[in-house]
Amino acid sequence: MPDQMFQTSLQNNQCRALLTVDCFERTWRRLAAHTLVLGLVAGICFSGGRRAMAQERPNFGPNVFIFDPSMSNSAIQSKLTSLSQEAQFSTNRYAAMFMPGTYDVQSQVGYYESVTGLGESPSSVTINGSVTSSNIDEFGGLTTIFWRSMENLTENSPSTLFWGVSQGTSLRRMQINSALQLTNSACNFSSGGFISDSIVTGNVNSCSQQQWFTRNSKIGSWSGSNWNMVFSGVEGAPFPNYPSNAYTVLPTTPVSREKPFLYVDERRRFRVFVPTMQENSSGVTWSRGLGRGYSLSIDDFLIALPTTPLTEINQALAQGKNLILTPGVYKLTGSINVTNPNTVVLGMGYATLVPQTGTAAIKVSDVDGVRIASVLIDAGPVNSPVLVQIGNADGSRRPHRSNPTSLNDVFFRVGGGTPGTATTTLEIDSNDVILDNIWAWRADHGNGVGFTVNVADHGVVVNGDDVTALGLFVEHYEKEQVLWNGERGATIFYQSELPYDPPNQSAWMDNGANGYPSYVVSPTVAHHAAYGFGVYSFFNQNVNIIEDSAIMVPNTPDVTVTHAVSVFITGSGSITHTVDDAGGSVMNGNQTNFLPFYQGVPCTFDCPIAPNSPRNLKAFVASPNQVNLFWSPSFRPGVRYSVFRSLASGFVPSSSNLVYSGIIGTSFEDNQVNPGANYFYVVEAVSDMGISDVSNEASVSIPSTGGVVSQSVLQISAGGGASGSWVADEDFTGGTATSTGDTINTSLVPNPAPQSVYQANRFGPMTYTIPGLIPNGKYIVNLHFAETFWTAPGQRQFNVLINGKEVLRNFDIFAYAGAKDVAFVESLAAIADKSGIITIQFTVGAADNPQINGIEIGLPCKRNCPVAPTAPKGLSAAETSMNQINLSWTASATSGVVYNVFRSQEAGFAATAANELASGIAGTRYSPMRLYWLFGHQCESCHDLQ
């Protein structure tokens, strides 16, 4: 009997994984029955399990294409290519979905196409190749590359992945194992865009993007800044220094909810995962699988086609069903009515709703937890007072803080796709609503376009309290584009273009004021927060149209605007002020005006307080390429940390020395360090209230992996000719040779190569394959460098790999040498492969091209090796006058040495050419022939006036 009970328990566990509660309840009711009965019950359960595994795919209609790994890559690629060919205002809609597995395909993503993985996490679907968006539009740019998305995939692009898009797009729940460029390879002008819940392992380059919003993600690094780049809850966000760069960085997102998505479970059953709300969050949600939320069976949904009657849709919703809108255009004779809490309305492939009789497309009652996602809504031929209504316009509003309604990737058009008009496209009459990636567009081109043709007053009207907008794009509406009447609202990222087409100034007046402000907070509102705003003008009617203020807010202490820019793109006319009466004019000849902060009345009570600084920062060498940091926390809510690193002590944190930001814990592994270097670190705490003072400074010295060469085997003058024992350039592929006539300072190198070696170099991605060595033999590789082009740190950063292993990352010749035209040697250990070959690769890093001047291969010294001289002792500085300090020291115990003198205003500095005062001194005294202004009695406190 115990064996029978154990067997039944196993069978029950299998049922539990495969079927419903009823299955294993039946099993346990029969637990005491005869063995034969138990076997029959187990058979029933397994039969159900097999049915679940073989579940037929739901009928998603003719415009959904589901790929699986059994299909040929060529067939998949052919289909993807055909889907990507639609025109900007096509009426075709497509969803391309990948079952879990690995695919080798390359394709563009076209208009009205969503590409999604059907796994429980992005790692379940891997694309080896690139599914990308990099085609230009009919205007020769990327500014109309709208309405396309990718979600829930891993992309292993062989090089940089290009995602050249503008509004109405999204990258969600993505793992991109490469660099990402938010344009095409030509960096054509673009106007995007949105990323959330994604990891990009490499650098993200915004290139020509006007603006971009990145939320709750993790990136390797970021480059590029034009008008308005906003980061909220992003690990690895760049260093903000507004307006020197246009970065707005919030360490956490105050409230958010990710988009529901379709997936298949381990039994290949289709389900919808519904994420729950997050507060004060950062990073991705899927580090442990699906993430926080709950899963719904596909049976809980009505799957609608464009031909499904509206009455059937509304009847299903009233009965408690959720709704999936498959790809296509839905011509509605009335509203889709959502009346039950926690209803999910999920579009596929840019399902488009077009009301035909002047109604709203969607109306949502004032209930908890409704999710509307991935739909495109067009105004129809009869004017709609509102296209989407959330809550009751005339009724009371209840709080929904613990379970708000959310809209993800909801896009609106008035004209362009089809002629139509609407007074307001989105009206929020419910509290606590979350708006996540909303684009409301009164069309400036396409079908039915003109100032008196596609008439629309407002893009978004917010009447509810505690509403949060995360990524709000609203363009070309004819009155207030956003009108915010609710209390305690917040918008993180706003992009707006004013209407292009007012025919004259009198046609576009706001109660005597010139033009309508794009974003208006009502005068009665006491609390509102705005972060990262951009309002642009392009009046194209050849008349002088003026807008007095781009943004209008009440003057009260708790209404603030952090980082706002007004931009004159081209055309005629001007914007006089950025916020209220603050900020200068933009017009022809003065394109931008950046306003770092606006608060009409200064705060005097309960004002924001920046976090206190982290303490007890300590640094430890973990390996030649890793330093581990630990610190004590800053005791403030919502704090994240930024780590800064320099080769010099006493440095000031800046964008040039930021290592990483958005760190949640109190430790960090810096794996971008190089052997043979001294590093200095500080940490800052960051919250929405501000930035702390820096921590204490911690330092480490990483030993070199190389050493003393007993016998040189080969010395190559990279990019140059032979000189003494150095042979002319050989054994290379790639790169370009060049040279300079400048004299190279070799004082930092104990045994320098000839001048000609440092004056010549090879630059660009390249590989040296050096044969003829002892198989598996141990060698020293000395890489000789001199920066002969760039004049500041950070301008050239590259990587070096020896036999496929990265040994130098983002190596910066100038930073290590301390100046231009200064020689520096990096000594590294290497082992030849079994064929007696050492391969040295130079690859592009964070900036510009790799460069090498000389390569020296030698045998490591094992006995009677030369040793470095002992350090001089007893250095003292004596003030002899207001203009001179004399130095003296006790000689090194090593004979035959000369001395170099270095000076800095900071204690603990590293000796580089930048602070070298003199070299080749034979004695133990030095009297500098320079003038000083003496501030104290230590040399670090002296200013050089020369």
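Author: A residue counts as buried under 20% relative accessible area, as exposed over 50% and as partly exposed in between (1.4 Å probe, protein chains only). The model is predicted: local features need pLDDT of at least 70 and side-chain atom pairs count only at pLDDT 80 or more, whereas totals for chains, interfaces and linings use all residues. Residues are numbered from 1 along each chain as its sequence is written, and side-chain values use heavy atoms, with hydrogens and water left out.

Reader: How many helices and strands does the chain have, and what is its radius of gyration?

Author: Helices (H or I, at least four residues) and strands (E, at least two) are DSSP runs, numbered from the N terminus. On that basis the chain has seven helices and 72 strands.

Reader: What share of the residues of the chain is buried?

Author: The C-alpha trace spans about 100 × 90 × 50 Å along its principal axes. Of the 946 residues, the share that counts as buried is 55%.

Reader: Which strand holds Y536, the ring partner of W227?

Author: Rings of Phe, Tyr and Trp (its six-membered ring) pair if their centres lie within 6.5 Å; planes under 30 degrees apart are stacked, over 60 edge-to-face and the rest tilted. By this rule there are 44 aromatic pairs. W227 and Y536 have ring centres 4.9 Å apart and planes at 65°, so this pair is edge-to-face. The pair ties together parts 309 residues apart in sequence, because W227 lies in the loop between β17 (218-223) and β18 (228-232) and Y536 in strand β43 (residues 528-537).

Reader: Are W227 and Y536 buried or exposed?

Author: W227 has a relative accessibility of 8%. For Y536 the relative accessible area is 0%. W227 counts as buried, and Y536 is likewise buried.

Reader: What is the angle between the planes of F789 and W790?

Author: F789 is exposed, with a relative accessible area of 55%, and W790 is partly exposed at 24%. Their rings form an edge-to-face pair, 4.9 Å centre to centre, and the angle between the planes is 90°.

Reader: Which residues do ring pairs link into a cluster?

Author: A pair of aromatic rings is described by the distance of the centres and the angle of the planes. Such pairs link into one cluster F89, Y111, Y112, F146, W147, W439 and W441.
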